[in-house]
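Colleague: I have the model open now. Please take me through it, strand by strand to begin with.

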Amino acid sequence: MFSVADTHRSLGGPNSEMIDQIEKGKSTLERARSVVVLTGAGVSAESGVPTFRGGGTSTVWRGMPFEQLSSAEMVQKDLPLVWEWFDYRRGVVAGCKPNPAHEVIADAQRSGKFDSFTLVTQNIDGLHRAAGSTDFIELHGNINQARCLSCAFVQDLGEIPDDERPPVCPKCFDSMRPNVVLFGEGLDEDDLLIAYESAAACDVCLVVGTSALVYPANQIPAIARREGATVIEVNPEETALTSAADISIRGAAGDILPKIFPT
Ligand code: OAD
C-alpha cells in the first residue's frame, strides 16, 4: 500500500520535512476523538476570496485600510460608506464557490468518525455553509445579513432591495447595519464560550488559513494547547501561531486538508 509520502516522492512533490508534517497531521487526526477546526480567510483564498493580510500586504479599499472601514467608529461616522464596503465584499464573495478545504471539513463533520467536531470560523463569507457544514460558529458574523441599530433585529439581505441602503428595520424603522463584528466591538459571548469550551475539551485543534493575529479567536488554539490538545496548523506562511503549533504544515488548505483528514 502507498503512503502519502510515497505519492509525494513519486510525483516529485514537497520536501521530506513537509511530507513528515503531513504524515504526522494525518495520523494525529486518525487517532482524534474530539476535534476543533478554526478557520480564517486563507481557507477561502483558493475560492477567490481575498485575505486581509498575508504576503506582507494588508487590504486597502478607496485608500482606506480595512480596519478603518470595518470599524464601529465608521458605523457612527458614515454608515452608507460601511454599506458600500460590505456590498463590494458581498459582490466579490457572490461569485465564489467552496473549495476542497471547505468540502473536506464538511465531510469530516458529517462522517461521524469523531465523537465531537466543532467548526469555528472567523470568516463571514458563507462558504462553509455552501459546502454543507452545519452547526458551526461564525465568530465574526455573516456578510449576508443586516442587523437593526436599535432593536438588533436580524434580516437576510436577500429580503432587502439592493438599493435600500442603509436598510430600514421592518420592526422599529431605525437603520440597519451589516450583521458582522467590527473593529472596536465584542464578539457574541455565547458563541465565544462554546468555542473556548470546545477548545478546552478537544484532543486536536486544527488551525487553517489564519494569521492568528486577531483576538479573541487566536486564543482558541492557545486554550486547546494549554489543556493538552495537539495543535496542527495549515498555512503557506509562518504565522504568530507557528512556533506554538505541534505540527505545522506549510501549504494551501485546499491541497493539504484532503491529505490529512481520514477518509
Ligand atoms: P488574515 O488575512 O489575517 O490571514 C490570512 C492567512 O491565510 C494568512 O496567514 C495567509 O498566509 C493564509 N493563507 C493564504 N492563502 C492560503 C491558503 N490557500 N491556504 C491556507 N492559508 C492561506 O485572515 P484572518 O486570520 O482570518 O475580522 O483574519 C482574522 C480577522 O481579521 C478577520 O476575520 C477579519 C480581519 O479583521 C473582522 O473583520 C472582524
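Colleague: Which residue stands opposite alanine 146 in β10?
Modeller: Proline 178 of β10 stands opposite alanine 146. The antiparallel pairing of β8 and β10 extends over four bridges; strands pair if DSSP finds at least two bridges between them. Helices (H or I, at least four residues) and strands (E, at least two) are DSSP runs, numbered from the N terminus.

Colleague: What should I know about the model itself?
Modeller: It is a predicted model, in which local features need pLDDT of at least 70 and side-chain atom pairs count only at pLDDT 80 or more, while totals for chains, interfaces and linings use all residues. Numbering starts from 1 along each chain as its sequence is written, and side-chain values use heavy atoms, with hydrogens and water left out.

Colleague: How many bridges join β8 to β9?
Modeller: Three bridges join them, and the two strands run antiparallel, β9 being residues 154–156. Arginine 147 has valine 154 in β9 as its bridge partner. Five residues lie between the strands of this hairpin, where alanine 152 takes a positive phi near 70°.

Colleague: Where is another positive phi in a residue other than glycine?
Modeller: Aspartate 135 has a phi near 50°, and this residue lies in the loop between α7 (127–131) and β7. Most residues other than glycine have a negative phi, and most peptide bonds are trans.

Colleague: What is the strand order in the six-stranded open sheet?
Modeller: The order is β7-β6-β1-β11-β12-β13, with parallel pairing. The edges are β7 (137–138) and β13 (247–249), each with a single partner strand, so one side of each is left without a neighbour in the sheet.

Colleague: How is β7 joined to β6?
Modeller: Two bridges join β7 to β6 (residues 116–121), and these strands run parallel. Within this pair, threonine 121 stands opposite glutamate 138 of β7.

Colleague: Changing topic, which residues line the largest cavity?
Modeller: Its lining is Thr121, Asn123, Ile124, Asp125, Gly126, His128, Phe136 and Glu138. The largest cavity holds about 30 Å³ of space. On a 1 Å grid over the protein atoms alone, a cavity is a set of points where a 1.4 Å probe fits but cannot get out, a pocket is an open set with protein on both sides within 12 Å along at least five of seven lines, and lining residues have an atom within 4 Å of a point.

Colleague: What is the make-up of that cavity lining?
Modeller: The cavity lining divides into two nonpolar, four polar and two charged residues.

Colleague: What is the volume of the second largest pocket?
Modeller: The second largest pocket has a volume of about 250 Å³. It is lined by 17 residues, and Gly141, Arg147, Asn179, Val181 and Asp188 are the closest to its centre.

Colleague: Which side chains have an N or O atom placed against ligand atoms?
Modeller: Glutamate 46 has such an atom 2.9 Å from a ligand nitrogen, and histidine 140 has one 2.8 Å from a ligand oxygen. Serine 211 places a polar side-chain atom 2.6 Å from an oxygen atom of the ligand. Polar contacts here are pairs of N or O atoms within 3.5 Å.

Colleague: How much of the ligand's accessible area does the protein cover?
Modeller: The protein covers 92% of the 800 Å² that the ligand has on its own, by the Shrake-Rupley method with a 1.4 Å probe.

Terms used:
Polar contact = N/O pair within 3.5 Å; in protein donor to acceptor, adjacent residues only side chain to side chain. Points joined across faces, edges and corners; volume = space filled by probe spheres on them. Nonpolar A, V, L, I, M, F, W, Y, C, P; charged D, E, K, R; others polar.
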